[in-house]
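Work through the exercises below with the model open beside you. Try each task before you read its solution.

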Amino acid sequence: MTKHIVKIVTGLFMIAVVLIGYIPQPEYLVELTCVSNTLGGLLLLADGILHIKNKKMHLNFFYLNITVSILIVFLVCMGSFFGMYQFNFSGAFFFMHVINPMVFVVCYMLFVNEQGRKIRFVLTAPIMIMLYLVFDCIQCQFTDRFVYGFINPEELTFVWTIIAGIVIYAFAYMLGLILFALNRLVHKIITRNLQEDSSAVL
């Protein structure tokens, strides 16, 4: 029960932070920061409520996808410290860019058990980030700029788009694989410790 309450509280917090940060500037709601934090918060909230009501659903697919996406947000933001580009770390954005991603990764590691899933499922981990990139390319056709503006649309040819897509998919897959392996290791250790505690009691 406690862990499900933690999920609900964390989910509500993440959603609240998104609203605080983006309501004053709704034109930026299409940012991956907003999308990943919102979906992460909604997933935790829904998962906590469903478990309290004893309605179990297999949400591992969504957890791994969102964890990969929100961690990519964190890594890209951390790259801004090298001075190549600038990100907003003030107020609510500090939480969305730094705190929320770390908290969500911890939630994935502790509350989701990947031991029952086969490693081939990691191939689906980049789906969310790839769908976002497709959305970004589509909206660029109407606005003449990508959401984050890292690349000039005129410089990105079809071939380079395909290459970039392959590279990003491979990176997201490797990130998902690392998270998946760490999750299984964490739960293997937890299971072993519980078994040792049970043996000691007996």
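The exercises go from the overall fold to single residues.

The model is predicted, so local features need pLDDT of at least 70 and side-chain atom pairs count only at pLDDT 80 or more, while totals for chains, interfaces and linings use all residues. Residues are numbered from 1 along each chain as its sequence is written, and side-chain values use heavy atoms, with hydrogens and water left out.

**Exercise 1. The fold**

Solution: 
- Step 1. Count the elements. Helices (H or I, at least four residues) and strands (E, at least two) are DSSP runs, numbered from the N terminus.
- Step 2. Read along the sequence. The pattern is α-α-α-α-α-α.
- Step 3. Look at contacts (heavy atoms within 4.5 Å). Among those between residues at least 6 apart in sequence, 77% join residues at least 24 apart.

**Exercise 2. Surface and charge**

Task: Find what percentage of the residues is buried and how far apart the mean positions of the charges are.

Solution: 
- Step 1. Set the classes. Buried means under 20% relative accessible area, exposed means over 50%, and partly exposed lies in between (1.4 Å probe, protein chains only).
- Step 2. Apply them. Of the 202 residues, 38% are buried.
- Step 3. Sort the charges. Lys and Arg count as positive, Asp and Glu as negative; His and the chain ends are not counted. Each charge is placed at NZ of Lys, CZ of Arg, CG of Asp or CD of Glu.
- Step 4. Compare the two groups. The mean positions of the 12 positive and 10 negative charges lie 19 Å apart.

**Exercise 3. The nonpolar cores**

Task: Identify the residues with the most contacts inside the largest nonpolar core.

Solution: 
- Step 1. Define the set. A nonpolar core is a set of buried Ala, Val, Leu, Ile, Met, Phe, Trp, Tyr and Cys residues joined through side-chain atoms within 4.5 Å.
- Step 2. Take the largest one. This core has 34 residues, and those with the most contacts inside it are Tyr 63, Leu 64, Val 68, Phe 104, Tyr 108 and Leu 179.
- Step 3. Assign the core to elements. H2 (32-52), H3 (60-79), H4 (92-111), H5 (127-143) and H6 (158-201) each supply at least two residues. The largest share, ten residues, comes from H3.
- Step 4. Follow one residue. Beyond four places in sequence, Leu 64 touches Tyr 108, Glu 114, Arg 117, Val 122, Ala 125, Gly 176, Leu 179 and Phe 180.
- Step 5. Check for another core. A second, separate core of seven residues includes Val 18, Tyr 22, Cys 34 and Phe 93.

**Exercise 4. The cysteines**

Solution: 
- Step 1. Recall the cut-off. A disulfide is a pair of cysteine sulfur atoms within 2.5 Å.
- Step 2. Check the pair. The sulfur of Cys 140 is 7.1 Å from that of Cys 137, so the two are too far apart for a bond.
- Step 3. Check the whole structure. It holds zero disulfides.
- Step 4. Cys 140 is buried at 5%, whereas Cys 137 is partly exposed at 29%.

**Exercise 5. Single residues**

Solution: 
- Step 1. Start in helix H4 with Asn 100. Asn 100 is buried, at 1% relative accessibility.
- Step 2. List its contacts. Leaving aside neighbours within four places in sequence, Asn 100 meets Phe 13, Met 14, Val 17, Asn 37, Ile 70 and Phe 95.
- Step 3. Move to Met 102, also placed in helix H4. Met 102 is partly exposed, at 40%.
- Step 4. Go to Asp 144, in the loop between H5 and H6. Asp 144 is exposed, at 60%.
- Step 5. Check the backbone there. Asp 144 has a positive phi of about 65° although it is not a glycine.
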